[in-house]
Amino acid sequence: MALIPRLICAAAAACLLLWPGQVLAAEVLQVRSGNLLQIGDRNRNYSVQLACVVVDPADDAAAVDWIRKQLPRRSKVNLRPTGSADGVLIAHINHLDGQGNHDLGAELIESGLASNSGSC
């Protein structure tokens, strides 16, 4: 009789360990320019510059519109930091849309609204 409660406890423990909880990704709060976003997690807000991306000032408004279409407010993103400058985090931003991992900077370059900075 003592075997059944042990098996139930073992099965419950295995479920808890193998079933991951909800992933707490960062969220897009604001698109500030063609390569600068305000990102927040549960505790903090970050100014994040897209790594390896240069947006021409003439294309900035179009790049902002494009990013806002790709990442509406509260979109879940994953950050892969590469450094920081003047209090701004420099990172690759990946859109977590359930259909794969999309690198926002690479897609912005592919759309023709930005170019590669050459340092990556």
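Trainee: Let's begin with D86. Where is D86 found?
Mentor: D86 sits in the loop between β5 and β6. Helices (H or I, at least four residues) and strands (E, at least two) are DSSP runs, numbered from the N terminus. Bear in mind that this is a predicted model: local features need pLDDT of at least 70, side-chain atom pairs count only at pLDDT 80 or more, and totals for chains, interfaces and linings use all residues. Residues are numbered from 1 along each chain as its sequence is written, and side-chain values use heavy atoms, with hydrogens and water left out.

Trainee: Got it. Is D86 buried or exposed?
Mentor: D86 counts as exposed, at 84% relative accessibility. Buried means under 20% relative accessible area, exposed over 50%, and partly exposed in between (1.4 Å probe, protein chains only).

Trainee: And what about its backbone, what is the phi of D86?
Mentor: Positive, about 55 degrees, although D86 is not a glycine. Most residues other than glycine have a negative phi. D86 is in the turn of a hairpin formed by β5 and β6, with two residues between the strands.

Trainee: How many bridges join β5 to β6?
Mentor: Eight, and the strands run antiparallel; β5 covers residues 76-85. One of the pairs is R80 with H92 in β6. Two strands pair if DSSP finds at least two bridges between them.

Trainee: Which other strands pair with β6?
Mentor: Strand β3 (residues 45-50) pairs with β6 (residues 88-96) in the parallel sense, over three bridges. There, V48 has L89 as its bridge partner. Strand β7 (residues 101-103) is joined to β6 by three bridges and runs antiparallel to it; L96 is partnered by N101 in β7.

Trainee: Switching topic: where is R74 found?
Mentor: R74 is in the loop between α2 and β5. R74 is not a glycine either, yet has a positive phi of about 75 degrees. With a relative accessible area of 47%, R74 is partly exposed.

Trainee: What does the side chain of R74 make a polar contact with?
Mentor: The side chain of E27, at 2.9 Å. A polar contact is a pair of N or O atoms within 3.5 Å; within protein, one must be able to donate a hydrogen and the other to accept it, and residues adjacent in sequence count only if both atoms are side-chain atoms.

Trainee: So is E27 buried or exposed?
Mentor: E27 is buried, with a relative accessible area of 18%. E27 belongs to strand β1 (residues 26-33). Leaving aside residues up to four places away in sequence, E27 touches Q38, I39, G40, R74, S75, K76 and V77. Contact here means heavy atoms within 4.5 Å.

Trainee: Now α2. Which of its residues are buried?
Mentor: In helix α2 (residues 60-70), the buried ones are A63, V64, W66 and I67. Seen down the axis of α2, they fall within an arc of 165 degrees, so they line one face of the helix. That arc is taken from the directions from the helix axis to the C-beta atoms.

Trainee: What covers them, and what is on the face turned away?
Mentor: The cover includes β1, β2 (36-40), β3 and α3 (104-110). The face turned away from the buried side carries the exposed residues A61 and K69.

Trainee: Last one: how many helices and strands are there in the protein chain?
Mentor: Three helices and eight strands, in the pattern α-β-β-β-β-α-β-β-β-α-β along the sequence. Of the 120 residues, 33% count as buried.
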